[in-house]
Amino acid sequence: MLRYIAKRIFLMVPTLLGVAVLTFFMLRVVPGDIVEIKLRGDGGTVTQEVIERERERLGLNKPVVVQFGDWMKGLVTLDFGTSMWTGRAVIDEIGVRIGLTLQVAVMAAVISVLIALPLGTISALFRDTWIDYGVRIVTIAGLAVPSFWLGMLMIMGLLTFFAWSPPVTYTPFTEDPIANMSQLIWPALAVGYRYSAVVARMVRSSIIEVMKEDYIRTARAKGVYERLVVGRHAMRNALLPAITVVGLEFAFLIGGLVVTEQVFNLNGIGRLFVEAVGRNDFIIVQTLVLLIAVMFTVVNLVIDLLYGVLDPRIRYA
Amino acid sequence: MKALTSTIAAAILATLPLAAVAETPQRGGTLSWAIIAEPPTYDCHATGTFAVMQRVAPHYSTLMKFEPGNYPNIVGDLAASWDVSPDSLTYTFKLHPNVKFHDGTVLTSADLKATYDRIINPPDGIVSNRQASFTKVASVEAPDPLTVVFKMKEVDASMMTNFASPWNCVYSAARLKQDPNFPAKNIMGTGPFKFVEHVAGSHWTGERFADYFRKGRPYLDGFRSVTMTSAARVNALAGGQIDAEFRGFSPTERDRIVRALGKDANVLQESWLLHMIITFNTERKPFDDPRVRKALSLALDRWGGSTSLSKISLLGAPGGLVRPGSEWSASPKDMEKWPGYGRDMAANRAEAKRLLKEAGQENLTLTLMDRNIAPYVTAGIFAIDQWRQIGVKVEHKQVELASWYALQNSGDFEVFVDSFTQFSDDPSNVLYKYASHDRSPVAVHRAIDRELDQLFAEQARTADKAKRLELIRKFENRAMEQAYSVPLLWWQRIVVMNDRVKGWTMSPTHMIYQDLGDVWLAGSR
């Protein structure tokens with residue numbers, strides 16, 4: 001098992017290197033640079049000479065290969081560089097935002113699992129009845145409605161009916177749980193609903209599939225209670241593909257809450273991503289892409305390991 | 001709709017008598033306000049963005065400032081009195097005594113000297129965004145602890161405005177000596193509020209400075225500026241999470257907030273010192289031909305456009321190169337003489353067609369480069385529709401901010417939707433945009449026009465206001481005739497705040513009156 005994990009971690013290196021190379025060089029072909037925005041914005045009247053000096057200071061005039069080498073050297077020593085916009089360490093820029101993003105992702109994942117498991121199971125067990133149709137309408141709506149739009153409706157509803165909108169700055173849960181939840185529950189619900197729709201449909205189809213298996217028929221023939229047939233035999237096997245979806249969606253949420261974060265004014269990774277792209281703050285963008293790539297590869301590994309736990313037939317020797 | 005219009009009108013009108021009837025300010029409370037961008041630095045001298053100015057202004061003082069409630073009159077901030085020599089070549093300022101920095105040290109003229117030396121001759125590695133405004137200063141002297149003297153190489157009619165610039169935050173000489181880049185990462189001034197914290201992407205807070213040199217000020221215990229997305233600030237203001245936003249809302253956003261806040265909404269509207277410009281690349285054919293540029297300017301119905309676009313966007317009144325309504329602007333009668341400002345659009349369009357025909361460009365097609373946000377896109381679409389009416393076909397390309405700047409630099413465009421803003425209406429500040437490309441880094445039309453440069457230099461050294469006005473008119477007439485870059489419409493500034501916010505001064509620019517020293521919250525106790 002340990003050997004398998006080590007091998008998987010080792011295989012992450014070329015994947016991440018590929019992501020780093022692609023991101024770095026693709027960003028360099030984007031026209032314009034951060035210095036113009038920084039010094040010429042809002043009527044700034046600096047000379048071209050000042051612009052050039054600032055480019056020099058930020059290392060933007062170095063050959064691209066040298067810039068890449070510098071970045072790679074930094075990555076190896078866990079020095080991710082500094083934001084070209086704020087001059088603060090990238091690790092600090094991400095550090096103040098990652099807590100919020102992770103919390104929303106975790107809350108959305110919990111909400112989605114809490115909704116999806118019962119809905120998907122009921123839908124499968126009562127296939128082609130009005131219950132199934134009802135659940136399918138709810139889940140298809142979840143897929144069709146973008147989270148940010150649902151978020152906008154939520155805010156408008158809160159404003160219209162309660163003349164209230166969620167807090168606009170993040171308070172850590174440990175500091176003030178009520179303030180924390182009154183800000184984050186709304187985006188978690190908006191995102192969690194879409195997330196649950198994806199998972200519920202996966203659970204439904206997996207259970208329908210599993211319920212046709214021989215071992216289910218055998219269990220029933222042995223006289224096992226239906227509840228146990230579903231809970232112990234069907235669910236455990238049906239959860240495998242659902243876990244994959246839950247995991248990948250979770251990884252996606254780390255950088256994919258872009259518009260939802262804008263709507264709810266969340267100071268998260270998605271918003272930082274958009275702002276950094278808008279300013280051509282390459283150092284931030286390439287580090288964030290790498291972070292998201294790391295999240296996806298780690299989540300994939302965790303999913304694969306969970307497969308082994310849930311299905312004894314899968315072994316990694 | 002009618003009800004909403006009356007509510008907005010009532011909200012605007014309600015502010016007018018309030019300005020006249022002095023209310024007794026109340027002490028206490030924390031003002032919470034929104035801002036839509038993150039600061040790239042903390043250093044006032046190094047930048048031009050409101051994202052820095054609106055946050056750092058409460059922490060700093062300047063030598064002079066625009067008088068609250070009486071823009072553009074200039075009064076002393078750190079300066080208690082001042083004297084300008086009859087030849088306008090020496091400016092002497094006497095400072096307020098016992099002004100303290102937030103670290104408890106006392107401000108002296110040495111701090112003023114160190115600050116202005118840093119702006120005029122920035123040390124290596126320091127960016128000075130205002131260096132060009134002080135090129136005529138020969139020296140800054142500090143003969144005694146409370147006196148600062150500026151000696152000029154030649155007369156600069158804009159000097160008092162430059163001294164009142166909110167960007168010239170006064171720093172501690174001692175701190176600058178330790179590290180010339182100290183202000184880029186630290187906040188330490190003599191302003192009404194001490195810096196507390198800045199959480200990147202989230203908020204910035206300040207607390208009352210008890211030793212502020214204006215006794216009894218500030219009224220607030222503190223402030224909290226929250227970094228917000230454009231959409232979120234509307235909801236937050238409507239939902240009572242913030243008290244104000246000082247840059248400006250669109251008419252649609254204003255209406256949403258007013259609908260939610262009702263009588264608690266305070267709407268302030270004024271023309272904005274920010275305008276939309278159509279710039280032609282004079283190095284590209286056929287835009288090197290003045291007839292083509294003039295025809296395209298003639299075809300723009302600025303008066304009609306203003307009436308309709310001001311209802312749906314930030315675009316407002318037509319104007320010349322200086323803000324309409326300012327002390328330097330041309331009268332509507334004068335404006336009507338410029339190409340594209342006449343009220344008879346049928347005649348304008350007929351003349352535009354004739355000019356295009358004469359230039360051999362009857363079937364002109366062009367590409368209009370634009371930013372991909374409002375109100376740039378609105379302006380672009382408006383121009384396209386206007387040009388369509390004289391038979392010009394236009395491809396509209398919208399790009400991100402970085403690409404927009406790259407295009408300005410490279411000159412890789414035919415026609416360009418541009419904009420320009422400054423902290424004051426001072427002619428040298430605003431006409432700079434229209435000078436020759438080799439003299440002004442912000443003139444993106446790429447034309448060289450020594451006649452304009454001559455007029456610019458002359459008005460800059462003319463202290464007599466009437467004579468300066470005459471030169472400005474000549475500059476404008478020449479620029480409009482040549483049409484390298486032509487104003488489309490000036491923006492309107494719409495500030496909406498909760499009615500409990502008092503003492504804040506509306507102005508045509510979002511860069512001034514942000515020190516919050518006079519602001520107070522009604523019912524804060």
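**Exercise 1. How many residues does the contact take from chain A and from chain B?**

Before starting, note that this is a predicted model, in which local features need pLDDT of at least 70, side-chain atom pairs count only at pLDDT 80 or more, and totals for chains, interfaces and linings use all residues. Residues are numbered from 1 along each chain as its sequence is written, while chains are lettered from A and ligands numbered from 1 in the order in which they are written.

*Solution.* 
- Step 1: Apply the contact rule, under which two residues touch if their C-beta atoms, placed from the backbone, lie within 7 Å.
- Step 2: Read off the two sides: 46 residues come from chain A and 42 residues from chain B.
- Step 3: Find the helices involved (DSSP runs of H or I, at least four residues; strands are E runs of at least two; both numbered from the N terminus). Among those of chain A that each supply at least two residues to the side touching chain B are helix 5 (90–125) and helix 7 (147–162).
- Step 4: Sort that side of chain A by class, which gives 17 nonpolar, 16 polar and 13 charged residues. Here Ala, Val, Leu, Ile, Met, Phe, Trp, Tyr, Cys and Pro count as nonpolar, Asp, Glu, Lys and Arg as charged, and the others, Gly among them, as polar.

**Exercise 2. Describe how helix 5 of chain A packs on helix 10 of chain A.**

*Solution.* 
- Step 1: Helix 10 of chain A spans residues 226–256, and its axis lies 10 Å from that of helix 5 of chain A, at an angle of about 145°. Axes are lines fitted to C-alpha atoms over the stretch in contact, and angles run from 0 to 180 degrees between N-to-C directions.
- Step 2: List the residues: helix 5 of chain A contributes, among them, A:Ala105 and A:Val113, and helix 10 of chain A contributes residues including A:Phe250.
- Step 3: By class, this contact has 10 nonpolar, 1 polar and no charged residues.
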